[in-house]
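Me: Please take a close look at one part of this model. I would like a connected account of how that part is put together and what lies around it.

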2 protein chains.
Amino acid sequence: MSGNDKPEAASRVTLAEVRAAHERIRAFIHRTPVMSSEVLDARLGGRLYFKCENLQRVGAFKARGAHNAVLSLSEREARAGVVTHSSGNHGAAVALAAANRGIPAFVVMPLSAAEVKKRAVARYGAQVTLCEPTLAAREATAQRIIEATGAHFVHPYNDSRVMAGQGTSALEFLEQQPDLDVILCPVGGGGQLSGVAVAAKGVDPRLRVIGAEPAAADDARRSLEAGHIVPAGDPPTIADGLRSSLGDLTFALIREHVDAIVTASEEAIVEAMRLTWEVMKLVIEPSAAVPLAALLEGRLEVGGRAVGIILSGGNVDLDRLPWGQSARPR
Amino acid sequence: MSGNDKPEAASRVTLAEVRAAHERIRAFIHRTPVMSSEVLDARLGGRLYFKCENLQRVGAFKARGAHNAVLSLSEREARAGVVTHSSGNHGAAVALAAANRGIPAFVVMPLSAAEVKKRAVARYGAQVTLCEPTLAAREATAQRIIEATGAHFVHPYNDSRVMAGQGTSALEFLEQQPDLDVILCPVGGGGQLSGVAVAAKGVDPRLRVIGAEPAAADDARRSLEAGHIVPAGDPPTIADGLRSSLGDLTFALIREHVDAIVTASEEAIVEAMRLTWEVMKLVIEPSAAVPLAALLEGRLEVGGRAVGIILSGGNVDLDRLPWGQSARPR
């Protein structure tokens, strides 16, 4: 199967695969804590539980899917290393997973990627190749590296091994907080939401699973309404992890398992991010704030229920915070 | 004993009192998690464990001491409520503790106190009285409130009930991480350091307990050297929680139980604060960064040891961060 991952990648993700992924990656990832806040509970009128994937290795849930993909490779597939393209957390996650397996990693990043994210990838020993900030340039650059090195491609989300890995956070979440009524998680390309939905509905079919995305990047909501994938274009949202379009694999699972998609304005995303920092003392990135932002805007009736929110990541450029410039004194 | 807490306040704090405090306050405080970071361990060459009191109620360890003091009061002492003066976390902590006991709280705050801290105190239902930003004005204002209301005074640190309460974090820390070789904690007025030292040395006399303070506010170090309390003056440090002078009760215990005081420059405090945000994804205030700052500057040989650090609080004005203005783009 070397050089052609289609048969495996196209297989549908099941609860059993998510459980197998969890066993496979357990030694390499953190079992992240679940936190709550009385201040937020009082404000929103329910019980909110936050799964802190911002405290995950590489600062994001992406460590789960990348480890599952890299550790799933046969010796022969793994030998020449792995390649991916990513503007952020997935690149660092693949770099770390490859380092843990002792194989090379090649990460294609857009020139526009945040410095902090480039440094994170390089820190784990990956070879970073910069390219123009378009999907076409990223794919072409990755393809050239595959041809030159024979490295195995790990897509950031449209890959069943990645999706199964991302779903492991939901397994832990439901062990840590078994009475959840709803799980909200951000949706960009859909790798996390699809894996989480398969895992959560598999464990407890009564559980509602809801995706949250920026109103300015509501391609998942529109895709579900249209019945086919509506491309994201180049959406103008601060939630830089959620600018991708759905893939065919993630779309199929989201269509089957996800109950609804809710959206949040840019203002609410910034407010939710800041509120999480101020009240919970947790550094989260804008993408991770989208579910809480949707709740702040009343997009989902909380009404006393136990609502689980996945804080998907905490990688943010501390020199470019989206608030307070004008309010800064000296 | 109403209106005169001297006999109780002057009693020396013992391990038994810290244990009793822990039982007393347990239902009202969080058992905060202990976190670690491979990045920081690699950088400093040891195993670092962080006790996350920034995740404590009111965002700081102060919730412990305030609850112990307020819950220790007799019905008669408590009836007219409690009064304190504080520029920050202790005021919010007393306000919360009083709310939990169902008695009034009066908090004297300097006009210069951060807005976020005034809001926190008011949020818990305390009556806030503003005064000039001098110790004399704070004490005089508190005295007037005592005379007008009969409320019971709870000093921010120089009170054995407060000190015993602050020491409870060390009990938890050693339960959570029994192999610690050293505990570092910030020192301002010394309420936390003295309580932590009594508790930690009581549990394990081999453990080293070290205070950390800004080099710009090194009155604790100078007091130990001089053998008497050297007043802090009005030290120019960003660590606003550590500007107080020691009290007679805290000084006596620190002298008896603390192994050393280390200092950190202002630059290292900012670096340690930012590093904690970036790597650990934890919002901490400058005072909480001082122990790590001292390690970054090599003030203590880490050398493979298990070093416990108390992250004392996370209340920081997000509009006034001490970095990155010039690096900020638009």
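Reply: In this predicted model, the C-alpha centres of domain 1 of chain A and domain 2 of chain A are 23 Å apart. The domain assignment gives domain 1 of chain A as 6-60 + 159-311 and domain 2 of chain A as 63-153. Domain 1 is the part taken up here, starting from the side that touches its neighbour.

Across the boundary, 22 residues of domain 1 of chain A are in contact with 16 residues of domain 2 of chain A. On the domain 1 side, helices α2 (15-25) and α9 (160-176) of chain A each supply at least two of the touching residues. The largest share of that side comes from α9(A), with eight residues. By class, the side of domain 1 of chain A that touches domain 2 of chain A holds nine nonpolar, eight polar and five charged residues.

Next come two strands of chain A. Strand β8 (residues 208-214) of chain A is joined to β9(A) by five bridges, and the two run parallel. Within this pairing, A:Gly211 stands opposite A:Ile261 of β9(A). Strand β9 of chain A covers residues 260-264, and four of its five residues are buried, which leaves the strand mostly covered.

Then there is a pair of helices. Helix α13 (residues 266-280) of chain A packs against helix α14 (residues 286-296) of chain A at an angle of about 105°, and their axes are 7 Å apart. Because of that angle, α13(A) is roughly perpendicular to α14(A). The α13(A) side of the contact consists of A:Ala268, A:Ile269, A:Glu271, A:Ala272, A:Met273 and A:Thr276. Facing them in α14(A) are A:Pro286, A:Ala289, A:Val290, A:Leu292, A:Ala293 and A:Leu296. By class, the residues of this contact are 10 nonpolar, one polar and one charged.

Chain B can be read alongside for the strand pair. There, strand β8 (residues 208-214) of chain B pairs with β9(B) in the parallel sense, over five bridges. A position in this pairing is B:Glu213, which stands opposite B:Thr263 in β9(B). Strand β9 (residues 260-264) of chain B is largely enclosed by the rest of the structure, because four of its five residues are buried.

Methods. Residues are numbered from 1 along each chain as its sequence is written. Chains are lettered from A and ligands numbered from 1 in the order in which they are written. This is a predicted model: local features need pLDDT of at least 70, side-chain atom pairs count only at pLDDT 80 or more; totals for chains, interfaces and linings use all residues. Domain bounds come from an automatic or database domain assignment. Two residues are in contact if their C-beta atoms, placed from the backbone, lie within 7 Å. Ala, Val, Leu, Ile, Met, Phe, Trp, Tyr, Cys and Pro count as nonpolar, Asp, Glu, Lys and Arg as charged, and the others, Gly among them, as polar. A residue is buried if 20 or more other C-beta atoms lie within 10 Å of its own, exposed if 12 or fewer, and partly exposed in between; C-beta atoms are placed from the backbone. Two strands pair if DSSP finds at least two bridges between them. Axes are lines fitted to C-alpha atoms, for helices over the stretch in contact, and angles run from 0 to 180 degrees between N-to-C directions. Angles under 35 degrees count as roughly parallel, over 145 as roughly antiparallel, 65 to 115 as roughly perpendicular and the rest as oblique.
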